[in-house]
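Here is a short tour of one protein model, taken a piece at a time. Keep the picture open while you read.

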Amino acid sequence: MTGRNVRWGILATGGMAATFTADLVDLPDAEVVAVASRSPEPAKAFAERFGIPRAYGDWESLARDEEVDVVYVASPHSAHRAAAGLCLEAGRNVLCEKPFTLNAREAAELVASARENGRFLMEAMWMYCNPVVRRLKALVDDGAIGEVRSVQADFGLAGPFPAAHRLLDPALGGGALLDLGVYPVSFAQLLLGEPADVVARATLSERGVDLQTGALLSWDDGALASVHCSLVGGTANSASVTGSKGRIDVPYGFFFPDRFVLHRDGRDAEEFTADPADGPRDSLKHEAAEVMRALRAGETESPLVPLDGTLAVMRTLDAIRDRIGVRYPGERR
């Protein structure tokens, strides 16, 4: 795929879809050519808002559109398996919002479909594509703080949320863990891989979704990670990585940081900051650029957000839910 723009289709018309579409404007080689919703009216309104030439009132039409190179799936995560699977089976490449699916079984089915059909598939874990996070990981991998011994990360929102909000709805995979906790878990596994054991506790709502969850992840080499997520209190939303020779502190917004501080034993602290040329800290353009780079290179997955890593995170989220007793209506595990 060379010599022309990468043609995007947008599946869903909510807030994430709008944010992502607006950020594609910063990429001169990206073109949004189609949008789909479950009914014609929101698709037409979205198309008019962003100047998109084709609007579909069903997902199938977008999946069959051969002038679409890649589909961005931004539906509620309870529908990711159906939406992304439909696109992959129709021959489209897919960038699927996080959390990737409801559970590891659904994730494995999508990965198998992508590999069987030779299609590109990536979880939209924008944190992994953030230039500051990539710099942090490179320093850790290079031994800047020695062997990683512990990771701490939290993501909490103060709320309160209306009773009908999707975050509180079990039918939509609601709760703090899948929507917010995926970030602390993904951050820990970016640096340590899949844990050997999981201990977790949670406060559940009357409808059975987790309002806040804390988990302790452990690895066979003795490393630990403490992760926390909440819908009932605004936390520091920060992270810290401690190694045998130092520490890295990431302040507020660790999942889209604009800076971090490296503390090496016996040396002055060093602050690393974002390059202003990279744009706003909340930009989604980095993940979009990675998708287009991979497509042009003929790759079916990204080395920044590998599918095996996504599957490992989903297994950890499943393990945490097993410990806290959260199951969703009609869910098959």
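Let's start with Leu-317: leaving aside neighbours within four places in sequence, Leu-317 is in contact with Leu-177, Leu-178, Val-182 and Val-185. Contact here means heavy atoms within 4.5 Å. You'll find Leu-317 in helix H10. Helices (H or I, at least four residues) and strands (E, at least two) are DSSP runs, numbered from the N terminus.

Leu-317 has a relative accessible area of 0%, so it is buried. The word buried stands for under 20% relative accessible area, exposed for over 50%, and partly exposed for anything in between (1.4 Å probe, protein chains only). The C-alpha atoms of Leu-317 and Asn-103 are separated by 7.5 Å, though the two residues are 214 apart along the chain.

## A note on the model

This is a predicted model, where local features need pLDDT of at least 70, side-chain atom pairs count only at pLDDT 80 or more, and totals for chains, interfaces and linings use all residues. Residues are numbered from 1 along each chain as its sequence is written, and side-chain values use heavy atoms, with hydrogens and water left out.

## Rings that pair up

How many aromatic pairs does a search of the whole structure find? There are 12. Rings of Phe, Tyr and Trp (its six-membered ring) pair if their centres lie within 6.5 Å; planes under 30 degrees apart count as stacked, over 60 as edge-to-face and the rest as tilted. Take Trp-8 and Phe-20: their ring centres are 5.3 Å apart and their planes sit at 65°, so this pair is edge-to-face. The pair links distant parts of the chain, with Trp-8 in strand E1 (residues 6-11) and Phe-20 in helix H1 (residues 15-24), 12 residues apart. Trp-8 and Phe-20 are both buried.

Now look at Phe-155 and Tyr-183, whose ring centres are 5.7 Å apart with planes at 55°, so the pair is tilted. Phe-155 is in strand E7 (residues 148-156) and Tyr-183 in helix H8 (residues 176-192), so the pair ties together parts 28 residues apart in sequence. Phe-155 counts as buried at 8% relative accessibility, and Tyr-183 is buried too, at 6% relative accessible area. Ring pairs also build a cluster out of Trp-126, Phe-155, Tyr-183, Phe-187, Phe-254, Phe-255 and Phe-256.

## The nonpolar core

In soluble globular proteins, nonpolar side chains tend to be buried together. A nonpolar core is a set of buried Ala, Val, Leu, Ile, Met, Phe, Trp, Tyr and Cys residues joined through side-chain atoms within 4.5 Å. The largest one in this model has 117 residues, and those with the most contacts inside it are Trp-8, Phe-187 and Phe-254. Helix H8 gives the most to this core, with 12 residues.

What does Phe-187 touch, not counting residues up to four places away in sequence? Its contacts are Met-127, Leu-136, Val-151, Ala-153, Ala-239, Val-241, Val-250 and Phe-254.

## Sheets and strands

Next comes an open sheet of 8 strands with mixed pairing, in the order E8-E9-E10-E7-E11-E12-E13-E14. Two strands pair if DSSP finds at least two bridges between them. Strand E8 (197-204) and strand E14 (270-273) stand at the edges with a single partner strand each, so one side of each has no neighbour in the sheet. From one strand to the next, the twist averages 10°. Inside the sheet, strand E12 (residues 246-250) and strand E13 (residues 259-264) run antiparallel and are joined by 4 bridges; Ile-248 stands opposite Leu-262 in E13.

Elsewhere, E1 and E2 pair in the parallel sense over 6 bridges, and Val-6 stands opposite Ala-30 in E2. Strand E2 (residues 30-36) has 6 of its 7 residues buried, so it is largely enclosed by the rest of the structure.

## Around helix H4

Which residues of helix H4 (residues 80-89) are buried? They are His-80, Ala-83, Ala-84, Gly-85, Cys-87 and Leu-88. Their cover includes E1, helix H3 (59-64), strand E4 (70-73), strand E5 (93-97), H5 and strand E6 (121-124).

Ser-113 belongs to helix H5 (residues 104-117). Not counting residues up to four places away in sequence, Ser-113 touches Leu-88 and Glu-89. Is Ser-113 buried or exposed? With 10% relative accessibility, Ser-113 counts as buried.

Technical notes:
Axes are lines fitted to C-alpha atoms, for helices over the stretch in contact, and angles run from 0 to 180 degrees between N-to-C directions.
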